[in-house]
Amino acid sequence: YITPLHLLKVLLNGKNELILSLISQAGGDITQIRDKLDVAFTKLPTVGGSAVQTLMSQDFTAIMMEAEKLADRANDKYVTIGTTDTSKTGYECHFYK
């Protein structure tokens with residue numbers, strides 16, 4: 001499954017300085033978050049074989065659906081990083097604890 005952890009990994013490994021800056025300004029340690037994210041990925045189940053399908057987890061789907069709603073309200077054609085706010089979905093990321 002594609003999970004919110006996958007979304008976070010993409011956001012942190014991307015070239016988007018806005019996300020990195022916001023986390024740093026909020027007191028977050030990007031290196032520490034990336035390290036803990038890597039550990040969290042080792043705990044995710046894996047599937048192998050030729051018939052494997054990639055599906056979205058319920059939490060990831062909830063985040064993306066909320067992001068689409070926010071984009072629609074803002075008259076945006078696309079879901080952007082700014083509309084992937086998880087606070088309204090009830091999803092809590094606990095990988096860092």
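Student: Leaving aside neighbours within four places in sequence, which residues is Ile 30 in contact with?

Tutor: In this predicted model, Ile 30 is in contact with Leu 12, Leu 20, Ile 23 and Ser 24, once its neighbours within four places in sequence are set aside.

Student: Which residues make up the largest nonpolar core?

Tutor: The general idea is that in soluble globular proteins, nonpolar side chains tend to be buried together. Here the largest nonpolar core has six residues, namely Leu 5, Leu 12, Leu 20, Ile 30, Leu 37 and Ala 40. Helices H1 and H3 each supply at least two residues of this core, and H3 gives the most, with three residues. Another core, of five residues, lies apart from it, and Leu 7, Leu 11, Ile 19 and Ile 63 are among its members.

Student: At what angle do helix H2 and helix H3 pack?

Tutor: Helix H2, residues 17-25, and helix H3, residues 30-42, pack at an angle of about 105°, and their axes are 10 Å apart. Angles of 65 to 115 degrees count as roughly perpendicular, which is why H2 is described as roughly perpendicular to H3. Leu 20, Ile 23 and Ser 24 of H2 make the contact with Ile 30, Ile 33 and Arg 34 of H3, and these residues divide into four nonpolar, one polar and one charged.

Student: Which residue forms a salt bridge with Lys 9?

Tutor: In general, side chains of opposite charge can pair when their charged atoms come close. In this case Asp 38 is the partner of Lys 9, with the closest N and O atoms 2.8 Å apart. Asp 38 lies in helix H3 and Lys 9 in helix H1, so the pair ties together parts that are 29 residues apart in sequence.

How values were computed. Residues numbered from 1 in each chain as written. Predicted model: local features only at pLDDT ≥ 70, side-chain atom pairs only at ≥ 80, totals over all residues. Heavy atoms only, no water. Axes fitted to C-alpha atoms, helices over the stretch in contact; angles between N-to-C directions. Helix = DSSP H or I, 4+ residues; strand = E, 2+ residues; numbered from the N terminus. Parallel < 35°, antiparallel > 145°, perpendicular 65-115°, else oblique. Contact = heavy atoms within 4.5 Å. Nonpolar A, V, L, I, M, F, W, Y, C, P; charged D, E, K, R; others polar. Salt bridge = Lys/Arg side-chain N within 4 Å of Asp/Glu carboxyl O. Core = buried A, V, L, I, M, F, W, Y, C linked by side-chain atoms within 4.5 Å. Buried < 20%, exposed > 50% of the residue type's maximum accessible area, 1.4 Å probe, protein only.
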